[in-house]
Amino acid sequence: MVNAMEPSTPANFLADQDTPTLVAALADLLLKKGWMLATAESCTGGLIAGACTDLAGSSAWFERGFVTYSNAAKTELLGVDAALIEAHGAVSEPVARAMAEGAIAHSAARAAVAVTGVAGPTGGSPDKPVGTVWFGWSVDGQVRTERRRFDGDRAAVRAATVHYALQTLVGLLGPQPGTPTTKGPMT
(Lines give C-alpha, C1' and ligand atoms only; values in the text may rest on other atoms or scores of the structure.)
Protein backbone atom coordinates (compact mmCIF):
# COMPACT_ATOMS: atom_id res chain seq x y z
CA MET A 1 0.00 0.00 0.00
CA VAL A 2 1.30 3.43 -0.93
CA ASN A 3 -0.34 6.58 0.38
CA ALA A 4 -0.86 9.79 -1.54
CA MET A 5 2.44 11.35 -0.47
CA GLU A 6 4.72 10.89 -3.52
CA PRO A 7 8.41 11.63 -3.94
CA SER A 8 9.09 14.98 -5.56
CA THR A 9 12.36 13.94 -7.18
CA PRO A 10 12.98 11.69 -10.17
CA ALA A 11 13.70 8.13 -9.12
CA ASN A 12 16.60 7.81 -11.55
CA PHE A 13 18.51 10.69 -9.92
CA LEU A 14 18.21 9.24 -6.44
CA ALA A 15 18.79 5.61 -7.42
CA ASP A 16 22.20 6.48 -8.85
CA GLN A 17 23.40 8.09 -5.61
CA ASP A 18 25.53 6.18 -3.12
CA THR A 19 24.46 6.02 0.51
CA PRO A 20 26.83 8.76 1.81
CA THR A 21 25.58 11.09 -0.94
CA LEU A 22 21.98 10.36 0.03
CA VAL A 23 22.79 11.03 3.69
CA ALA A 24 24.41 14.37 2.77
CA ALA A 25 21.31 15.32 0.74
CA LEU A 26 19.07 14.24 3.62
CA ALA A 27 21.11 16.31 6.08
CA ASP A 28 20.86 19.36 3.84
CA LEU A 29 17.09 19.03 3.49
CA LEU A 30 16.50 18.50 7.21
CA LEU A 31 18.80 21.37 8.18
CA LYS A 32 17.02 23.73 5.77
CA LYS A 33 13.67 22.76 7.30
CA GLY A 34 15.00 22.83 10.87
CA TRP A 35 13.69 19.30 11.38
CA MET A 36 15.05 16.28 13.20
CA LEU A 37 14.96 12.65 12.02
CA ALA A 38 14.19 9.46 13.94
CA THR A 39 14.62 5.90 12.70
CA ALA A 40 12.76 2.76 13.75
CA GLU A 41 14.59 -0.32 12.55
CA SER A 42 14.03 -4.03 12.77
CA CYS A 43 15.71 -5.99 9.94
CA THR A 44 18.52 -3.44 9.53
CA GLY A 45 19.43 -3.46 13.21
CA GLY A 46 20.45 0.21 13.31
CA LEU A 47 22.23 0.42 9.94
CA ILE A 48 20.12 3.39 8.81
CA ALA A 49 20.95 5.29 11.99
CA GLY A 50 24.58 4.26 11.53
CA ALA A 51 24.64 5.57 7.96
CA CYS A 52 23.16 8.87 9.15
CA THR A 53 25.56 9.31 12.04
CA ASP A 54 28.57 8.47 9.86
CA LEU A 55 28.22 12.06 8.64
CA ALA A 56 29.99 14.52 10.94
CA GLY A 57 27.60 17.04 12.46
CA SER A 58 24.62 14.70 12.26
CA SER A 59 23.54 15.66 15.79
CA ALA A 60 22.13 18.84 14.24
CA TRP A 61 19.48 16.83 12.36
CA PHE A 62 19.48 13.22 13.64
CA GLU A 63 17.44 13.00 16.84
CA ARG A 64 17.40 9.29 17.69
CA GLY A 65 17.23 5.74 16.42
CA PHE A 66 15.15 2.87 17.75
CA VAL A 67 16.43 -0.65 17.11
CA THR A 68 13.31 -2.72 17.67
CA TYR A 69 14.35 -6.13 16.47
CA SER A 70 11.96 -8.09 18.69
CA ASN A 71 8.19 -7.76 18.73
CA ALA A 72 8.38 -6.82 22.42
CA ALA A 73 10.76 -3.95 21.56
CA LYS A 74 8.36 -2.68 18.91
CA THR A 75 5.63 -2.59 21.54
CA GLU A 76 7.69 -1.24 24.44
CA LEU A 77 9.75 1.40 22.62
CA LEU A 78 7.43 2.50 19.81
CA GLY A 79 3.99 1.72 21.20
CA VAL A 80 3.11 -0.73 18.40
CA ASP A 81 0.03 -2.60 19.58
CA ALA A 82 0.91 -6.26 20.25
CA ALA A 83 -2.48 -7.25 18.79
CA LEU A 84 -1.49 -5.57 15.51
CA ILE A 85 1.68 -7.66 15.35
CA GLU A 86 -0.29 -10.80 16.24
CA ALA A 87 -2.90 -10.13 13.56
CA HIS A 88 -0.60 -9.11 10.69
CA GLY A 89 2.89 -10.28 11.64
CA ALA A 90 5.88 -8.05 12.31
CA VAL A 91 6.63 -7.79 8.58
CA SER A 92 3.48 -6.01 7.45
CA GLU A 93 2.10 -2.67 6.33
CA PRO A 94 0.23 -1.96 9.58
CA VAL A 95 3.34 -2.62 11.67
CA ALA A 96 5.61 -0.52 9.43
CA ARG A 97 3.08 2.33 9.66
CA ALA A 98 2.82 1.98 13.44
CA MET A 99 6.61 1.92 13.76
CA ALA A 100 6.95 5.18 11.78
CA GLU A 101 4.19 6.81 13.79
CA GLY A 102 5.71 5.51 17.03
CA ALA A 103 9.13 6.93 16.14
CA ILE A 104 7.52 10.36 15.73
CA ALA A 105 5.44 10.01 18.90
CA HIS A 106 8.45 8.97 21.00
CA SER A 107 10.89 11.61 19.75
CA ALA A 108 11.23 15.27 18.86
CA ALA A 109 11.48 14.42 15.15
CA ARG A 110 9.25 15.64 12.31
CA ALA A 111 10.53 12.99 9.90
CA ALA A 112 10.93 9.26 10.52
CA VAL A 113 11.70 6.12 8.60
CA ALA A 114 10.78 2.62 9.74
CA VAL A 115 11.76 -0.75 8.31
CA THR A 116 10.66 -4.28 9.13
CA GLY A 117 11.51 -7.25 6.98
CA VAL A 118 12.97 -10.69 6.38
CA ALA A 119 16.70 -10.29 5.69
CA GLY A 120 17.37 -14.04 5.62
CA PRO A 121 18.79 -16.46 5.00
CA THR A 122 15.97 -18.07 7.02
CA GLY A 123 12.62 -16.81 8.24
CA GLY A 124 10.86 -16.42 4.92
CA SER A 125 7.47 -17.84 4.00
CA PRO A 126 5.47 -18.09 0.76
CA ASP A 127 3.66 -14.84 1.66
CA LYS A 128 6.80 -13.10 2.94
CA PRO A 129 9.84 -14.55 1.19
CA VAL A 130 13.38 -13.68 2.21
CA GLY A 131 14.09 -10.15 0.98
CA THR A 132 10.61 -8.80 1.76
CA VAL A 133 10.75 -5.43 3.53
CA TRP A 134 7.96 -3.10 4.58
CA PHE A 135 8.89 0.58 4.84
CA GLY A 136 7.12 3.39 6.65
CA TRP A 137 8.01 7.07 6.27
CA SER A 138 6.42 9.82 8.31
CA VAL A 139 7.06 13.34 7.04
CA ASP A 140 5.39 16.26 8.79
CA GLY A 141 2.38 14.19 9.82
CA GLN A 142 1.88 12.28 6.56
CA VAL A 143 2.70 8.58 6.45
CA ARG A 144 3.63 6.58 3.38
CA THR A 145 4.17 2.81 3.38
CA GLU A 146 5.61 0.53 0.75
CA ARG A 147 6.62 -3.11 0.35
CA ARG A 148 9.74 -4.08 -1.59
CA ARG A 149 11.56 -7.34 -2.21
CA PHE A 150 15.33 -7.33 -2.56
CA ASP A 151 17.49 -10.13 -3.96
CA GLY A 152 20.75 -11.35 -2.52
CA ASP A 153 22.15 -12.57 0.74
CA ARG A 154 21.47 -11.06 4.17
CA ALA A 155 24.05 -8.31 3.75
CA ALA A 156 22.70 -7.38 0.30
CA VAL A 157 19.09 -7.22 1.52
CA ARG A 158 20.07 -5.04 4.47
CA ALA A 159 22.23 -2.71 2.34
CA ALA A 160 19.45 -2.35 -0.25
CA THR A 161 16.97 -1.61 2.54
CA VAL A 162 19.16 1.18 3.95
CA HIS A 163 19.67 2.71 0.51
CA TYR A 164 15.99 2.56 -0.47
CA ALA A 165 14.85 3.94 2.90
CA LEU A 166 17.16 6.95 2.54
CA GLN A 167 16.51 7.42 -1.18
CA THR A 168 12.77 7.58 -0.65
CA LEU A 169 13.05 9.84 2.38
CA VAL A 170 15.16 12.32 0.42
CA GLY A 171 12.55 12.26 -2.33
CA LEU A 172 9.74 12.87 0.12
CA LEU A 173 11.51 15.79 1.77
CA GLY A 174 12.12 17.84 -1.33
CA PRO A 175 13.67 18.50 -4.71
CA GLN A 176 17.31 17.67 -5.33
CA PRO A 177 19.96 19.24 -7.55
CA GLY A 178 19.05 18.87 -11.19
CA THR A 179 15.33 18.65 -10.38
CA PRO A 180 13.36 21.50 -11.92
CA THR A 181 11.24 23.47 -9.48
CA THR A 182 8.81 26.28 -10.07
CA LYS A 183 7.79 29.12 -7.83
CA GLY A 184 4.65 30.93 -8.77
CA PRO A 185 3.05 30.92 -12.20
CA MET A 186 5.16 29.86 -15.16
CA THR A 187 5.54 32.49 -17.88
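## A buried tyrosine

Tyr164 has a relative accessible area of 11%, so it is buried (under 20%, with exposed over 50% and partly exposed in between, using a 1.4 Å probe and protein chains only). Arg148 lies over the face of Tyr164, 4.3 Å from the ring centre; a charge sits over a ring if NZ of Lys or CZ of Arg is within 6 Å of the ring centre and within 35 degrees of the ring normal.

This is a predicted model, in which local features need pLDDT of at least 70 and side-chain atom pairs count only at pLDDT 80 or more, while totals for chains, interfaces and linings use all residues. Residues are numbered from 1 along each chain as its sequence is written, and side-chain values use heavy atoms, leaving out hydrogens and water.

## Rings around Phe135

Searching the whole structure turns up six aromatic pairs (Phe, Tyr or Trp rings, the six-membered one for Trp, with centres within 6.5 Å; planes under 30 degrees apart are stacked, over 60 edge-to-face, the rest tilted). In one of them, Phe135 and Phe150 have ring centres 6.2 Å apart and planes at 90 degrees, so they meet edge-to-face. Phe135 is buried at 0% relative accessible area, and Phe150 is buried at 11%.

Phe135 and Tyr164 also pair edge-to-face, because their centres are 5.2 Å apart and their planes stand at 65 degrees. Together, Phe135, Trp137, Phe150 and Tyr164 make up one aromatic cluster.

## Another charge over a ring

Look also at Lys33: its charged end sits over the ring of Trp35, 5.0 Å from the centre.
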